[in-house]
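Colleague: Could you walk me through this structure, please? I have not looked at it before.

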Amino acid sequence: MSERSLESLIDALRRLPGVGVKSAQRMAFHLLQHDRDGAQRLAAALQDAALSVHHCERCHTFTQARLCATCSDPRRDARQLLVVENPADQAAMERSGSYQGLYFVLMGRLSPLDGIGLADIGVHPLIDRANDGVVQEVILATGFSAEGEATAHVLAQALRTLPGPPGADGEPGPGLTVTRLARGVPVGSELEYVDLSTLAHALSDRR
């Protein structure tokens, strides 16, 4: 391996969140010195995932099929729609075992300083999904950081203007119920790092 190849590997590893130069160097040196087979497996897995994994057409999480396993499951309660920031948050909610509805993954959160607005986080597809005539409750499960709170506030305002599912007479019912995870989740935290018991209680105590 040339020095240029080593530098390219370190630079590639630095693209991972939270990985600086020293951490990237340690990873690169470990793979090359102690685990060449692991390095080959990692490279193959990354290439395969990059080519075959895409967004679910319905909820936008990651999947290899047109629809993810959750959206394809007829046992899920389609009347509830839980909105999360990213696939890692969805996976955390699933591991808690406390939610049996469906999801919508924003793939981000509002961050005006970074130039991320409503269109960038998929607010219009969310409105369409919530207005499908089946959804009765939208649960906002964005993080409790400043950006996550701002995202939840803006989405709640938009969603509360939608009519509810039609009743037996065919007329639009009361507006959608829009709830927010309870404050059992620590302020400033990311869902994927919160313990599962806290997530479950935050979901059951939503407001």
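Predicted model: local features only at pLDDT ≥ 70, side-chain atom pairs only at ≥ 80, totals over all residues.

**Helix packing and cores**

Modeller: The axes of helix H1 (residues 3-13) and helix H2 (residues 21-34) come within 8 Å and cross at roughly 125°, which makes H1 oblique to H2. Residues are numbered from 1 along each chain, and side-chain values use heavy atoms, without hydrogens and water.

Colleague: Which residues of H1 and H2 make the contact?

Modeller: H1 gives Leu6, Leu9, Ile10 and Leu13, and H2 gives Val21, Ala24, Gln25, Met27, Ala28, Phe29 and Leu32; contact means heavy atoms within 4.5 Å. These residues divide into 10 nonpolar, one polar and no charged.

Colleague: And at what angle do H2 and H3 pack?

Modeller: About 120°, with the axes of H2 and helix H3 (residues 36-52) 5 Å apart. Leu31, Leu32 and His34 of H2 meet Arg36, Gly38, Ala39 and Leu42 of H3.

Colleague: Changing topic, how many residues has the largest nonpolar core?

Modeller: It has 21 residues, and Val83, Leu106, Leu126, Val138, Leu140, Leu155 and Leu159 have the most contacts inside it. Such a core joins buried residues (under 20% relative accessible area, 1.4 Å probe) through side-chain atoms within 4.5 Å.

Colleague: What does Leu155 touch?

Modeller: Not counting residues up to four places away in sequence, Leu155 touches Val83, Leu106, Val123, Leu126 and Leu140. Another core, of 16 residues, lies apart from the largest one and includes Val84, Tyr103, Ala141 and Leu191.

Note on methods: Axes fitted to C-alpha atoms, helices over the stretch in contact; angles between N-to-C directions. Helix = DSSP H or I, 4+ residues; strand = E, 2+ residues; numbered from the N terminus. Parallel < 35°, antiparallel > 145°, perpendicular 65-115°, else oblique. Nonpolar A, V, L, I, M, F, W, Y, C, P; charged D, E, K, R; others polar. Buried < 20%, exposed > 50% of the residue type's maximum accessible area, 1.4 Å probe, protein only.
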